[in-house]
Amino acid sequence: MQNKQLKLGLSLVSNGTHPAGWRLPEAQADCALDIDFWKETALAAERAKIHFIFFADGAAVRSAARDNESLEYVGRIEQFEPTTLIAALSAVTSRIGFIATASTTYNDPYTIARKYASLDYISKGRTGWNIVTSWSDAEAKNYNRDSNLAHEERYRRAEEFTEIVTGLWDSWEDDAFLRNKASGRYIDTHKMHVLNHKGEYFSVRGPLNIARPIQGWPVIAQAGSSAPGQHIGARFADLVYTAQNDKEAARAFYTEIKQKALAFGRLASAINVMPGVLPIIGKTQAEAEEKYQQLQELVHPKLGLAALATKFGDMSEYPLDGPIPQVFPETNGIKSATAILDRARADGLTIRQLYQSMIGGAGHREIIGTPESIADQLEDWFKDGVCDGFNIMAPYFPDGLTLFLTSVVPILQKRGLFRTEYTGNTLRENLGLERPPYPQ
């Protein structure tokens, strides 16, 4: 019997996850809108047998910058609309999957159901939808609102939204389209199911004007770790993307989400928990740490201070290389982050060191080391049963990703932890997920 193998996805954004990665001399700063770069990246990931590429997204310039002067230092302003990008990348690849974020707050269910069903056919069954509820007021202001919906309301809307999308994907039974030239009969309307949904937020008749997707349902991912987010993830998601830095906290999250899936009548194996990891790779440990330090020092103070202000309060009037102050002019954000500040003060961190410690991996686990040591750490979490795999985040492009694909992945393959060939044609097949049967 073959040992269980981990799943690997790539969580790729703009010109890299680390906010200063684009400033490295070897980084391609303009890659965000370079379609040739993305094609080459997708092909490289496919050669490495990666399961999927995950594209996070937000329909706004989302930044902690509070004014245009600070905004000038934000490196991740531009990025492709991800479903458009997936359509292009699926045309040059054949096995790797693609998962794109689409908000349940600033879309309509019919549009999303149709778009992802179309992508599933265009990609020949390699598409997934990442459910998000949109957290930023910047997005709200682009969609006829002054502020975002309250958290609880966003998730109530998201659950109804997802019920409709999956219902629309089931508008037609798998063999409803006859296309019989002799009789002239194109469809069997007995196998057409009109949704006729009327709920708290939506009224959607249906049916969808496209056949049932190749995968039945495109793979569903979910990235919220709050209680309402976990509820939706446990009910619908095939993949749960989470930020976990501590192994025991990761274990607790893993156990809880699996138990919640069981409560919905699902198998624990039907949901894959994949924490985000930001690897910084060097030929030696010293080289990796030097690269990490280089990245940290390139974080512009205006960027770092803006990030701190959203969490703790305004520290801009204090010396960057001085101690973290005890009292700030702005105190609204501090109460929820007292433990972080107390720990930083106990460690003797300066303001500069505080923002450097928080900004690099966007809250995700950072692993700094040689290919062997990074493989060791991934193996440790996986074999200890705290995850089903990982979403690898590239700190910068291209080397920040290609180093992982060409140096870490072969080690995992040699250890029997990661596959050497794709096992199926669709994303569901390659993830070992069942195709949802048509509901009876």
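**View 1. Cavities in the predicted model.** The structure holds 3 cavities of 30 Å³ or more. This is a predicted model, in which local features need pLDDT of at least 70 and side-chain atom pairs count only at pLDDT 80 or more, while totals for chains, interfaces and linings use all residues. Residues are numbered from 1 along each chain as its sequence is written, and side-chain values use heavy atoms, with hydrogens and water left out. On a 1 Å grid over the protein atoms alone, a cavity is a set of points where a 1.4 Å probe fits but cannot get out, and lining residues have an atom within 4 Å of a point. Grid points are joined across faces, edges and corners, and a volume is the space filled by probe spheres set on the points.

**View 2. The largest cavity.** This cavity contains about 80 Å³ of space. Its lining includes Leu 12, Trp 38, Phe 55, Gln 79 and Phe 80. By class, 9 lining residues are nonpolar, 2 are polar and none is charged. Here Ala, Val, Leu, Ile, Met, Phe, Trp, Tyr, Cys and Pro count as nonpolar, Asp, Glu, Lys and Arg as charged, and the others, Gly among them, as polar.

**View 3. The second largest cavity.** About 60 Å³ of space lies in this cavity. Lys 291, Tyr 396 and Asp 399 are among the residues that line the second largest cavity. Strand 9 (272-281) and helix 14 (399-414) are the elements that give two or more residues to this lining. Helices (H or I, at least four residues) and strands (E, at least two) are DSSP runs, numbered from the N terminus. The lining has 6 nonpolar, 1 polar and 2 charged residues.

**View 4. The second largest pocket.** The volume of this pocket is about 440 Å³. Of the 16 residues that line the pocket, Asp 238, Arg 266, Ala 270, Glu 434 and Pro 436 are the closest to its centre. A pocket is an open set of points with protein on both sides within 12 Å along at least five of seven lines. Its lining divides into 7 nonpolar, 3 polar and 6 charged residues.

View 5. Ser 123 sits in the loop between helix 4 (109-122) and strand 4. Its relative accessible area is 1%, so Ser 123 is buried (under 20% relative accessible area, 1.4 Å probe, protein chains only). A polar atom of the Ser 123 side chain lies 2.8 Å from the backbone oxygen of Leu 119.

Methods:
Buried < 20%, exposed > 50% of the residue type's maximum accessible area, 1.4 Å probe, protein only. Polar contact = N/O pair within 3.5 Å; in protein donor to acceptor, adjacent residues only side chain to side chain.
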